Amino acid sequence: MKTIQLCFLWHMHQPYYTDPLTGSASMPWVRLHATKAYFDMAFLLERFPEARSTFNFTPSLLLQLEEFSTGRVRDLFLEYAQRPAAELTPTEKAFLIRHFFSANWATMVRPFPRYQELLVKRGVDVHGQDLDRLARQFSTQEFLDLQVWHNLAWFGYGSLQRFPRLAELRAKNRGFTEEDKQEVLALQQTAIRQIVPMYTALQERGQIELTTTPFFHPILPLVIDSEFTRRARPDLPLPARFHAPADAEAQVRRAIDYHMHTFGRAPAGLWPSEGSVCPELLPILGKTGIRWLATDEGILYRSLQMADQTWNRHYHLYQPYAVGTAEQPLTMVFRDRDISDAFGFVYHKTTPESAADDVLRRIRGLAYDIPLENGLLAVILDGENPWEHYHDGGERFLSLLFRAFEQDGLHIGHGIRVQLNTVSKALEAVPPPQRLEQLHSGSWINQDFKIWIGHQEDNRGWDLLQHTRARLVDLTPSLAPDKARAAWDELYAAEGSDWFWWYGDDFDTDYKQEFDRLFRTHLRNVWTYAGVTPPDILNQPLVEARTPQGLDLVQLPLALITPTLDGMVSNFFEWRGAGTINPTPPLGAMWKSEGLFTSIFFGFDREHLYLRLDLDERSQTRQEHCTADVFIGSGIQQYKVSFALTAEGADSFLLSRADESGLYRDRASYRTICRRKILELGIPFKELGIEIGIELRLTLTVSEHGMEIARYPHHSPATFNRPGDDFEATMWRV
């Protein structure tokens, strides 16, 4: 029987928010995710004893769970939650108004009437507002209810079922007492204390495998040698060379030691931070007893390119590879990007049943197409952040998925079975059939390291890190052992990737300045533990004061265009003056690889609305299964333009109009569309019934097998007016 080993690897990660000198943490995300994702995933697997999964816990997260469990560390949000509402100062009240709605509003605020009522009273946008003035509008009872709901909403389905009192408090909804609040916070602490024992018990009965990551989640290739950046991106400006292979070894060794301390056995597998690998990493891992590591399929693709091998995804991706030596054997597995990304970005938009059916459909299709007698399919993703977007925390979706594998795996006919397994057990069944002769240096994000180095903010951070490390090397021989260890731990914490994730313009968050402060705090602590006054430069923010541009910007057309709809860039000027929609996904704590379009243009002349899609050649296989819909609206008039992305299917588009019930009715088919190198189409304004000067709202969505996988612009439609004869004159600026 042909057997495909299906391996889920759930990555659990938080940066080290703790300041050891003060015994406090400024961010609440370890504590809040603990009562939701970390607790839920273990609870769910307890209900499905035949389900197998692999979990990756970063030691920086485990350490903070231990700190919270023992009460050694409290975070600032917890301190403000514990404060009696009647005793809150004006500053503390302003803090609650600003920060205690930090949750996914659609799934964790609006379902609870009182929490939603408080959000409406505050308003959805408080940037630049007078928080003290807003806070004065709230009563003591409203602040108490807000303190409770900020913590109560973060309990997931597992803790709600384990602790029935939580459901009673949710049903109470409003008018909480200080005693109610203390109950919520006490149950939060109880749940946190149960997390490690729950995962340990699942490990002991062989249901899960637990793996590690370098201790403080550094990008190890950059720690080994920042010049490795040039292998994938020779164009990037770099800081002074950072070269600390000893630190890389220490981050791995300490991770393994702490993992053993926490779970009672050494990990066999490792997820390198952000899937970041390079050839020099392999001997470091080989010396530690690690037997396998995982990264993204893009790394495999680039590695095979280096060896002049032609990429065949169905053949190459779904097998493990030997990368170590005979003395230090190592195996690598590579994640299926499409399925992994769908968990985080697609399935929360549909029903749990449709989501589970889609996963199983993809798996069945791959099981048939993989040309190996036995294969390995790795689905690797963030195990905590996605579930905030699911209305039930993903409980039903994951339950349906795990249930499908209960009876000795998923039998799909023709002598083919898909078996759910841990990675180590899967590798026993499917040992690597070949060696990966070359290994590309890069991360799972764009197969390079640009996120963490190359921007001036990143580079300034690396320079400060280098300066602090050099001073610590000089001072270490004169330090007492406990001070030396504390100083080096803080340096390793500063090497973590998370601070650099938010530097530069790749990502944005309301807490950007706080991540910058935490990075500099860890560096200042190095100097303090070493008995030396920290340099003043560490008091100066690295984040530049600027209005976040975001990556969702729409550039409106500046001139009329009349392109030739031939699927080619016939000449440079035919789309000059068109508007653009940035196809880059919205960026935050999770990164999504879409890869459908490299550019999106839209524009018009007096009679037509034009759209141009520059298709990503690397995603042609996926595009073959996709359809696109362009939604164009003006007031109550709503139209939809539908077409396939396949070269053969993009010879016509269908125009439909929404009726009073919102159902789209077909009107006509048009052939003003062509796909060759690019896809171009033109829509007659007269068919839309849109008069000159009327405002239009445009959104493009892409669906795969009937399920939306992408939306452009990502948050709100592109808005513009149908042009008149004076359009170009009004756009002229001196």
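**A chat about a predicted model**

Visitor: Is Ala135 buried or exposed?
Guide: Ala135 counts as buried, because its relative accessibility is 4%. Buried means under 20% relative accessible area, exposed means over 50%, and partly exposed is in between, using a 1.4 Å probe and protein chains only.

Visitor: What kind of model am I looking at?
Guide: It's a predicted model, where local features need pLDDT of at least 70 and side-chain atom pairs count only at pLDDT 80 or more, while totals for chains, interfaces and linings use all residues. Residues are numbered from 1 along each chain as its sequence is written, and side-chain values use heavy atoms, with hydrogens and water left out.

Visitor: OK, back to Ala135. Which helix is it in?
Guide: Ala135 belongs to helix H7, residues 131–135. Helices (H or I, at least four residues) and strands (E, at least two) are DSSP runs numbered from the N terminus.

Visitor: And what does Ala135 touch?
Guide: Leaving out residues up to four places away in sequence, Ala135 touches Lys93, Ala94, Ile97 and Phe143. A contact here means heavy atoms within 4.5 Å. Ala94 is 41 residues from Ala135 in sequence, yet their C-alphas are 5.6 Å apart in space.

Visitor: New topic: what's the span of H11?
Guide: H11 covers residues 178–204, 27 residues, and reaches 40 Å from its first C-alpha to its last. That's close to the expected 39 Å, where the expected span is 1.5 Å times one less than the number of residues.

Visitor: Where is the kink in H11?
Guide: At Ile195, shortly before the proline Pro197, with a kink of about 30°. The bend at a residue is the angle between axes fitted to the seven residues ending there and the seven starting there. After H11 comes Gly206, with a positive phi near 80°.

Visitor: Where's the cis bond from Tyr712?
Guide: The peptide bond from Tyr712 to Pro713 is cis, with omega near -15°. Pro713 is in the loop between strand S26 (707–712) and strand S27 (718–721).

Visitor: How many residues of strand S20 are buried?
Guide: Six of the eight residues in S20 (637–644) are buried, so the strand is mostly covered.

Visitor: Which strands join S20?
Guide: S19 (residues 626–634) runs antiparallel to S20, with eight bridges. S21 (residues 653–658) is also antiparallel to S20, with four bridges. Two strands pair if DSSP finds at least two bridges between them. Ser634 stands opposite Gln637 in S20, and Ser642 has Leu654 in S21 as its bridge partner. The hairpin of S19 and S20 has two residues between the strands, and Gly635 there takes a positive phi near 65°.

Visitor: Last one: how many disulfides are there?
Guide: Zero, searching the whole structure. Cys626 is in no disulfide, and the nearest cysteine sulfur, that of Cys674, is 19 Å away. A disulfide is counted when a pair of cysteine sulfur atoms lies within 2.5 Å.

Visitor: Are those two cysteines buried or exposed?
Guide: Cys626 is buried at 2% relative accessible area, and Cys674 is buried at 18%.
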